[in-house]
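Student: I would like to learn how to read a model like this one. Please take me through a few features.

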Amino acid sequence: MTLLANLNPQQYEAVTTDAKQTLVLAGPGSGKTRVLTQRIAYLVKEQNIAPYQILAVTFTNKAARVMRTRVETLLEQQLQDIWLGTFHSICARLLRRETNSLPYKPNFVIFDEGDQETLVKRAIRELNIDEKSYRPAGVLASISNAKNELLLPQDYPSRTYRDEVVRRVYERYQTMLVDNNALDFDDLLFVAVRLLRENPDICERYSRRFLHVLVDEFQDTNLAQYELLRLLASYHQNIFVVGDEDQSIYRWRGADYRNVLRFEKDYPSCRKILLEQNYRSPQNILDTARAVINRNPNRTPKHLFTQRGNGDIITLYEAVDDTSEAVYVVETIQQLVMGKRAQAADFAVMYRTNAQSRLLEEAFLRAGMPYRLVGAQRFYGRREVKDCIAYLRLVHNPDDEVSLLRIINVPGRGIGEKTMLSLTMAARQAHISLGQVLLDLGRNGDASPFWKDLSGRGAVMLADFGVLLGSWVEQRDKLSLPALFGRILQDVVYQEYIQDHSEEGEDRWGNVQELLKLAYEYQDRGLTDFLENLALVSDQDTLPEALDAPTLLTLHAAKGLEFPQVFIIGLDEGILPHNRSRDDPEQMMEERRLFYVGITRAKDRLYLVRAQRRSTYGSYEFSDASQFLDDIPSNLLKVQGASSASRRSTYSDYSSPSRVQANMPWNIPPAPPKPEPQQRYRAAMRVKHPAWGDGMVLDSRIVDGEEMVDVFFDSVGFKRLMASIAPLEVL
DNA sequence: GCGTTACATATTTTT
DNA sequence: TATGTAACGC
């Protein structure tokens, strides 16, 4: 039976379990995706579950796509009716079907973070709140947290004056969203939860349908997502979640790894399965990872092991400054590539903050080496792209005031602040949206009831634009999507506006054409689908693969990926862990997990890099080594660079004496090799234990004069034993 | 209504 | 350092 071939016992149990609730705790590289996809295939093929009775949820479109393709390959058939997608796309789908029970029209739009911020800013201004002391981004973050915690404005606790302000802005912001016929990202989840909670019939309809609910990256769910899953699984109670607390790195987005504990509490009879065999990295890398993550409390201890042997030792390079840090990375890669020891695409360079990529890029450029940069400047975040989308969104949903405000004077058509103020007043008095006023002005010209409210010149300008908008709305369903798009671009002479004869102008027009090209691909699906995908699909999906070049990416972006050779740079206090996390133990734990995620991406080799001095906002500052480095046993590290040769650097004069005294492994001269006891066991030996029976030695090494043996027993799986006391018998 | 200058600000960012 | 925004003056 090929479907279940090549699974280890734990994976097999997870794939075929008949437990109603299953919690799979999957260490990095332990075949998590494999378990999930094979489980779906197993349900369909072996348990005769129809695909439409399955709900499978992920966090990223990429993960969803991978999962779908793999299941389709396993089943050798297309999965048409399965609900497989991201939390947000599943919710959007659900909400679009149920607008009858909601205060939204079916053509609602989805507001991204930028839209949210403009709307919050407007709410703050309307309420005459001081923008300096209540910065929109901060208030928005609080509102977002509230929604993730399923709190309505009226439920928002007001313990401080700030809470009170936030509550008021939240309330206003929320009505504005409804008036705009828009939902923000958090609403997609929150409104879906409320819909299901408040309409038991709808909840039953869906939860009856979903015989099986499966969830990926469960540690990253927030309360709203958890509750959504609970509701959707409420009828059959078949819920299968896969996650790893140690890889939870989105706490600041509301993710709460304690949902893992909550799950165990809510479903006491759930089956808990640990996937601990790692198929990615050699033992040295796993040991490094473990040394780092073991310092975190409140986690299920895991014993990651591999059959791949120890592998190379980890390199720690200490550069004099951040420029030479970047140069070290590039030169090392260059040498290995030129010596044919590796391919350029084998390498990834990971960092804590996007700003760190700049020096790397410069170094790569100087070396004449191509590279791939993940994330950073986002295609959909480009101004011209957002402008075009705003036009389309306005045509799709004329109530969308955020889009309207964005483009009403882009390109400039003489509609300024004063005109906009009178337009807003007119709209507010009539209790309709700005778009509706424009459309009326366009239709009726000086006969419109709004004409007189507006000063002469402004009224003409607005009416002119209203005519345009009206014609687009009218053509909306007649023209094809690309034709409509092209028509708008032509009507507003956008090309001339954007192409300002500069090189940058060419780039920007290129981006617009790129978007137009995408519109052609959506020709058959229409404007609604197009906009929804623009909102819910990030550009991580558009990144160019296939280039033989190193990848530059943040540690966050690295989750779920793997590379043969990994550099993690900026291992300094203040960078990793980041300054902003210093005061909060929870955040410090997350920084540690972030480091852990980075380490465990490496398939073969790991390089840790730091700089003694780096430029922060212009001025140079000395930095201490990351405290996380202290946790890595020195026998796993090979130290190179500035500090290993002579420690006579000015750096020690500036840093606190206690810090230098601290047991930083790379400061201590290599210990004279201890007389080591003889190793009795070697990898791949078969052994016998009186209680556990036969097993295979995976690894054996001397730690503090003791021989430690890792054995994988056929009966109980992985065990770590001390050779001197374990009654092991070599077979 | 638009362009200039001064000033504050500075993580991570699956959707 | 570099970037974006706000206030200011034309």
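Student: Which residues surround DNA strand C?

Tutor: A residue is near a molecule or strand if one of its heavy atoms lies within 4 Å of it. Here, Arg125, Glu131, Tyr617 and Gly618 surround DNA strand C. One note on conventions: this is a predicted model, where local features need pLDDT of at least 70, side-chain atom pairs count only at pLDDT 80 or more, and totals for chains, interfaces and linings use all residues. Residues are numbered from 1 along each chain as its sequence is written, chains are lettered from A and ligands numbered from 1 in the order in which they are written, and side-chain values use heavy atoms, with hydrogens and water left out.

Student: How is pLDDT read, and what does chain A average?

Tutor: pLDDT is the predictor's confidence in each residue, from 0 to 100. Chain A averages 87, and 92% of the residues score at least 70.

Student: Which elements of chain A have the lowest and the highest mean pLDDT?

Tutor: Elements are DSSP runs numbered from the N terminus: helices (H or I, at least four residues) and strands (E, at least two). Helix H28 (residues 657-661) has the lowest mean, 30. Strand S6 (residues 212-215) has the highest, 98. Over residues 645-676, pLDDT stays under 50. Where pLDDT is low, the predicted coordinates should not be read in detail.

Student: Is Arg299 buried or exposed?

Tutor: Buried means under 20% relative accessible area, exposed over 50%, and partly exposed in between (1.4 Å probe, protein chains only). Arg299 has 16%, so it is buried. Its place is the loop between helix H12 (283-293) and strand S9 (314-321).

Student: What does Arg299 touch, not counting residues up to four places away in sequence?

Tutor: Contact means heavy atoms within 4.5 Å. On that count, Arg299 touches Glu245, Asp246, Ile293 and Asn294.

Student: How many disulfides does the structure hold?

Tutor: A disulfide is a pair of cysteine sulfur atoms within 2.5 Å. The structure holds 0. For Cys203, the nearest cysteine sulfur is that of Cys91, 13 Å away. Cys203 is buried, at 9% relative accessibility.

Student: Where is the peptide bond cis?

Tutor: One such bond joins Val410 and Pro411, with omega about -10°. Pro411 lies in the loop between helix H16 (401-407) and helix H17 (417-430). The bond from Leu576 to Pro577 is also cis, with omega near 5°.

Student: What is phi of Leu150?

Tutor: Phi is near 60°, a positive value in a residue other than glycine. Leu150 is buried, at 12% relative accessible area. His431 also has a positive phi, about 55°, but His431 is exposed, at 73%.
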